[in-house]
Amino acid sequence: MQCLTDIQANANATQNLVGLLNSNGDPVSNVADATAISYSLCTSFCRKGQDFDVAVFAQDFSSWLLPYLALISQLPFGAQYRLDNLMSAILTVGSPALAGYSLFITLLNSRWINRRFSQSVDYPNSRFAVSIISSLQQSPLNLHSDRAHFAFLVVLPENDSWWQYFSELVDYTHTWSIASATSIAWVVVAYILSVVNSPSDSFVNAQAGGESTSSMWLWLIPIVMGWLQLSPKCDFNRLQAAYDRADRHARAGIADRPIATPPASAQRALTITAQEEDVMSPDELLTPPVFNYSRSLQWACTAENIFLMYKAASEKARNRVPVNVESEWVESDDFKSIHPRNRCGTPQEIAAYCAQPGCARRSHWAPGVFTRMIIASCASLALQWGTVGGAFVVVWFTPTIVRFFWVLGCRSLGYILYGVVSTVIWMMLLISSILAHYSAAYSYRASLSARVALTFSHLLRKMGKLLAIANSLWVVLTCILLYSGFYDTCFCNSGMVSRGNAAAYITIIETTTQAALAKAAWIGALFLVCTSASAFVAFVSLLLDTLS
């Protein structure tokens, strides 16, 4: 405002009105009508930018950004190495779309496998099996190459104790705590204060900056709340210890069985760890749940194979067919259970009991997997662009920052760049997981297409992670530049990014129409941000009911 006053005083003295404009960017014939100035006039008379104010910067940083940075600590981690935990935080901040996708695909996968078992399987240990399968989405779940080993786990009554004990060991929760509730409450209160503190009649740079950056980061609340509700089992050391203890428990339970075949658990019929050469993507080995994008396809394939084996055994039991083909079906005292004698037989008979018919064809892609991927993608993109897009709308329609409608300024460009790169990261890593799973189907024979797919998968994964590192640094840097007043320059305020030198100008005093439009846009952006975040949380809570 002081700059415009000085320019008007100079124009009155020299009668030179060049560069004096109205709020629409048109030249004025009267000095008193000037509410905007051209870029060239701004650079001649105005300072290059405002002085850095440590007090203002510290207040804005602690009010708008620090609560969200603190909330990152409430994300689930649990990797074997700290560097992998750091990478999981970087991926979450660098790509909210990827974080939301991993969360939602985990929820949909759990819902899918629970429904598959509840509708088609009724076997003594199936309830524990589906609980374990659903809980192990944060591990590289796989079956022994000889499926007969897993059949022992399914059929033999002595291994029921293994399922029950392992299910109890992994049934720990990473859920609400005082620290997580306090962190979320801090962020919510900070956002409410930013909304209340926004003026109702006009906007200034600081207000638009604080409110818009709060909106840009608001996606983090639904992500943290979603993982707290899902309670993923992602502690590597705890899962490994639980599996080892369950193995010992199972061996003790079948030590006296007169059968030449060792227990299935002793032969690792079901594995939850692997070496890097055993998986198509190293990210499959990392237990933080943001990496679920990389193993969801392989997990679904393994879960489907387990389901088919349980379904075969359940159908035979429903038809009163014992494992030993030479024996008769023995009735149990409890009509809901199966007599243990009906579940005993030779290794060949046990394997045949869980086998699918010879004509059945197994696909490398689990049923409905692409539908679930599309739903998870839509939900995550809606969350990201609802919050980042809301922040973009706030600065896009702020006339004292840059003229609205079609003009991109430094601030709005920073927001849109963050959202676009985040979406690109999600696309690259998702395509990487699809190519890796495709190549896994040809792991035992040299296929040119599989090798090419695997090469592109590794390339996309590495490039996606590099972009995630850059994007996470960029979003923090964008906020710091905004709070420090770095963008308060003639270049940024005039829309030079999209207008060019000749057409760029700075609106210093907004008109009543512009102020009304800015207020309407602010209300619309607030509605968009809150609705997208609330809808994501509500949708997750709604689908969680199907897991009980």
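The following questions and answers go through a predicted model, from its overall make-up to single residues.

Reader: What conventions apply to the numbering and to the values?
Author: Residues are numbered from 1 along each chain as its sequence is written, and side-chain values use heavy atoms, with hydrogens and water left out. This is a predicted model, in which local features need pLDDT of at least 70 and side-chain atom pairs count only at pLDDT 80 or more, while totals for chains, interfaces and linings use all residues.

Reader: How many helices and strands does the secondary structure of the protein come to?
Author: Helices (H or I, at least four residues) and strands (E, at least two) are taken as DSSP runs, numbered from the N terminus. Under that assignment, the protein comes to 20 helices and 5 strands.

Reader: What percentage of the residues in the protein is buried?
Author: Buried means under 20% relative accessible area, exposed over 50% and partly exposed in between, with a 1.4 Å probe and protein chains only. For the 548 residues in the protein, the buried share is 54%.

Reader: Which share of the contacts with a separation of 6 or more comes from residues 24 or more positions apart?
Author: A contact here means heavy atoms within 4.5 Å. Among the contacts in the protein with a separation of 6 or more, residues 24 or more positions apart account for 81%.

Reader: Is the arrangement of helix 5 and helix 11 roughly parallel or roughly antiparallel?
Author: Axes are lines fitted to C-alpha atoms, for helices over the stretch in contact, with angles from 0 to 180 degrees between N-to-C directions, and the axes of helix 5 and helix 11 (residues 220–230) come within 10 Å and cross at roughly 25°. The contact involves Ala99, Gly100, Ser102, Leu103, Thr106 and Leu107 of helix 5, and Pro222, Ile223, Gly226, Trp227 and Leu230 of helix 11. Angles under 35 degrees count as roughly parallel, over 145 as roughly antiparallel, 65 to 115 as roughly perpendicular and the rest as oblique. Helix 5 and helix 11 are therefore roughly parallel.

Reader: Is the crossing of helix 5 and helix 20 left-handed or right-handed?
Author: The axes of helix 5 and helix 20 (residues 512–544) come within 10 Å and cross at roughly 20°, so the two helices are roughly parallel to each other. The contact is formed by Gly100, Leu103, Phe104, Leu107, Leu108 and Arg111 of helix 5 with Phe536, Phe539, Val540, Leu543 and Leu544 of helix 20. A crossing is left-handed if the near helix is turned anticlockwise from the far one by less than a right angle, and right-handed if clockwise. By that convention, the crossing of helix 5 and helix 20 is left-handed.

Reader: Which side chains make polar contacts with the side chain of Ser110?
Author: Ser110 is found in helix 5 (residues 96–120) and is buried, with a relative accessible area of 5%. A polar contact is a pair of N or O atoms within 3.5 Å; within protein, one must be able to donate a hydrogen and the other to accept it, and residues adjacent in sequence count only if both atoms are side-chain atoms. The side chain of Ser110 makes such contacts at 2.9 Å with Ser134 and at 2.7 Å with Gln137.

Reader: Which helices do the buried residues of helix 6 pack against?
Author: Helix 6 (residues 126–135) is largely enclosed by the rest of the structure, because 8 of its 10 residues are buried. Among those buried residues are Phe128, Ile132 and Ser134. The buried residues of helix 6 pack against helix 5, helix 8 and helix 13.

Reader: Which elements do the buried residues of helix 7 pack against?
Author: In helix 7 (residues 147–155), 8 of the 9 residues are buried, so this helix is largely enclosed by the rest of the structure. Its buried residues include His149, Phe150 and Phe152. They pack against strand 3 (142–143), helix 8 (160–170), strand 4 (270–271), helix 13 and helix 14.

Reader: Is Ser231 buried or exposed?
Author: Ser231 is found in the loop between helix 11 and helix 12 (236–253), and its phi is near 50°, a positive value in a residue other than glycine. With a relative accessibility of 7%, Ser231 counts as buried.

Reader: How many disulfides does the count come to?
Author: A disulfide is a pair of cysteine sulfur atoms within 2.5 Å. By this rule, the count comes to 0 disulfides.
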